[in-house]
Amino acid sequence: MPLPSVNPTTTKAWEKLRVHYKNIKHEHMKNLFAQDAERANKFTIKWEDFYVDFSKNRITEDTFKYLLELADEVKLKDAIKSQFSGEKINQTEERAVLHTALRAPKDAQFFVDGRHVMPEIYQVKQKIENFTNSIVSGQKKGFTGKPFTDVVNIGIGGSDLGPAMVVESLQYYKNHLNVHFVSNVDGDHVNEVIKKLNAETTLFVVVSKTFTTQETLSNANTLKTWFLQSAPKDAIAKHFVAVSTNTESVKNFGIDKANIFPMWDWVGGRFSLWSAVGLSISLAVGYNNFDSLLKGAHKMDTHFKAEDFKTNIPVVLALISVWYNNFFKAESEAVIGYSQYLNQFATYLQQGIMESNGKSIDRNGEAIDYETGTLIWGEPGTNSQHAFFQLIHQGTKLIPADFIGFVESLHGNEEHHDKLISNFLAQTEALLNGKTKEEVIAEGTSKEIIPFKVFKGNKPTNTIFIKKLTPESLGKLIAMYEHKIFVQGIIWNIFSYDQFGVELGKQLANKILREFNNSAVSNHDSSTANLLDYYKKFK
Ligand code: F6P
């Protein structure tokens, strides 16, 4: 059954929200808190080790009710069922979307085209486990008999961002292996990494679902050439492994069949860190931690599938985001992790959110006349407080933000942690309340400076407070955002799992690359033609 296709703007709930927005758009959250002592409790979801407080949003009980009605009217329940049942909900690419199967228990039932996929998933998981153990223990050695010290993940987009973000986030749990990521086709990237490597002790993991991606193949070839400068050809079998659906091309590249970790077309690149694409995660933190990451994600899947929408974390966060995006016309959202470990989290989410929901054609093939995908950005707190928070506090734009924090510090430095968390809590409070003119005057501010020191407040935030950063809680957090993406795609009536928008640039780059090697410069606008000429002249 195809996904339901409902233009959200034609629903009764949308109309209610439209009228309701007009009535409450100037309402200050301060008043909403003052009117209802129970507000924080009403708008908080406690689940496992997650405490999700969404009370600091410009919503009332009516808003919440209408948003839930919207979810019902666009048939979100049916859509969730379709996704988990392995139906080809990625209709434009005729693929199922089953990253959730990758983290399901062995006895789960997931079928694609009538084929039970769990046995294959568990075969690959076993292969990841065995391989990880042999490398981490030092049992598998390089071509000169030395144990591996370094791993290079070669991939881009979903074959880089997920693993890189998780390895960074779980640094505390890392073993002795140094894990590097090479993604950019900029040769300076790969050369900087090469500076840190010793061919005798380096393992290369080439990750590409398609094994056709220009950046990844260029970097893999450069690294292979560099490696062969000091290693014999047959050493490739010991030092190069690949993760791909394209076995033929991997073999042509020179990688042994035994060193191929398969993946499947029903796993989208940006949702693939749970598959063998996460091999470098497993190598960095050990298989058990990788498995805990998957288990955490599975717990979030179960919550998402079964929980009533009003206490369903991804659904609630998605609805609130739609409220700001489509009614307040907020253009962007910030994600601020109060943990230095999360410093790549927003970058990772950019692909997940913007590649999935940056669409302007609906599921009927019609052009859309309402807003879809949000811009996503962020940096960890407290650093971001000293960078862009000024604009969030006093700028003209409305920027809803997710604040993510952890109750426990991993290294147990309580003094620092108390300071960190006091900032975490203070910022959302400041964004909510602002500072009135009276308060500024009471501080003894000179008259002419008063207006500059007033904060309007009423800036919305969600607080996602988690017990501790562990592989499991990180798995839950990532899966939470994955499901939020799905819910928003359903509401906006778009296909979230294709990414045709990245193709045009790739095609043109190939065309221009060919022109560098011959004199003809054909068929470009005059600006591009001049720039091309300039490069050819001076390079
Ligand atoms: O950027 C487009 C894209 O297709 C992403 O969706 C994907 O994650 C990335 O390129 C890398 O693709 P591959 O894993 O096939 O090399």
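A cavity is a set of grid points where a 1.4 Å probe fits but cannot get out. Keep that in mind as you work through these exercises on a predicted model.

**Exercise 1. How many cavities of 30 Å³ or more does the structure have, and which residues lie closest to the centre of the largest cavity?**

Step 1. Start with the count: there are five cavities of 30 Å³ or more.

Step 2. Turn to the largest cavity, which holds about 80 Å³ of space. Its lining is made of 13 residues, and E333, P400, D402, N462 and K484 are the closest to its centre.

Step 3. Find where the lining comes from. At least two residues each are supplied by α15 (313-328), β10 (332-337), β12 (401-406) and β13 (461-466). The top contributor is α15, with four residues.

Step 4. Sort the lining of the largest cavity by class: six residues are nonpolar, four are polar and three are charged.

**Exercise 2. What is the volume of the largest pocket, and which element gives the most to its lining?**

Step 1. A pocket, unlike a cavity, is an open set of points. The largest pocket contains about 970 Å³ of space.

Step 2. Look at its lining of 37 residues, where T210, T213, Q499, E503 and K506 are the closest to the centre.

Step 3. Now name the elements: α10 (214-228), α16 and α22 (503-516) give two or more residues to this lining. Of the elements, α22 gives the most, with five residues.

Step 4. Sorting the lining of the largest pocket by class gives 11 nonpolar, 17 polar and nine charged residues.

**Exercise 3. Why can helix α8 be called largely enclosed by the rest of the structure?**

Step 1. Recall the cut-off: a residue is buried when its relative accessible area is under 20%.

Step 2. Apply it to α8. The buried residues are L161, G162, P163, A164, M165, V166, V167 and S169.

Step 3. Draw the conclusion: eight of the nine residues in α8 (residues 161-169) are buried, so the rest of the structure largely encloses this helix.

Step 4. Identify the packing partners. The buried residues of α8 pack against β6 (178-182), α13 (279-285), α14 (287-306), α16 (345-357) and α21 (471-491).

**Exercise 4. Where does K141 lie, and which residues is it in contact with, leaving aside neighbours within four places in sequence?**

Step 1. Locate K141 in the loop between α7 (118-136) and β5 (150-154).

Step 2. List the contacts: leaving aside neighbours within four places, K141 touches K146, P147, F148 and K238.

Step 3. Follow the chain further. H239 is 98 residues away from K141 along the chain, yet their C-alpha atoms are separated by 8.9 Å.

**Exercise 5. Which radius of gyration does the protein have, and does it agree or disagree with that of a compact globule?**

Step 1. For 539 residues, a compact globule would have a radius of gyration near 24 Å.

Step 2. The protein has 25 Å, so the value agrees with a compact globule.

Step 3. The protein has 23 helices and 13 strands, and its C-alpha atoms fill a box of roughly 75 × 60 × 55 Å along the principal axes. Of the 539 residues, 53% count as buried.

Step 4. Finish with the contacts that have a separation of 6 or more: 74% of them link residues 24 or more positions apart.

Terms used. Residues numbered from 1 in each chain as written. Predicted model: local features only at pLDDT ≥ 70, side-chain atom pairs only at ≥ 80, totals over all residues. Heavy atoms only, no water. 1 Å grid on protein atoms, 1.4 Å probe; cavity = no way out; pocket = protein on both sides within 12 Å on 5 of 7 lines; lining within 4 Å. Points joined across faces, edges and corners; volume = space filled by probe spheres on them. Nonpolar A, V, L, I, M, F, W, Y, C, P; charged D, E, K, R; others polar. Rg over C-alpha atoms; globule rule 2.2 N^0.38 Å. Buried < 20%, exposed > 50% of the residue type's maximum accessible area, 1.4 Å probe, protein only. Contact = heavy atoms within 4.5 Å.
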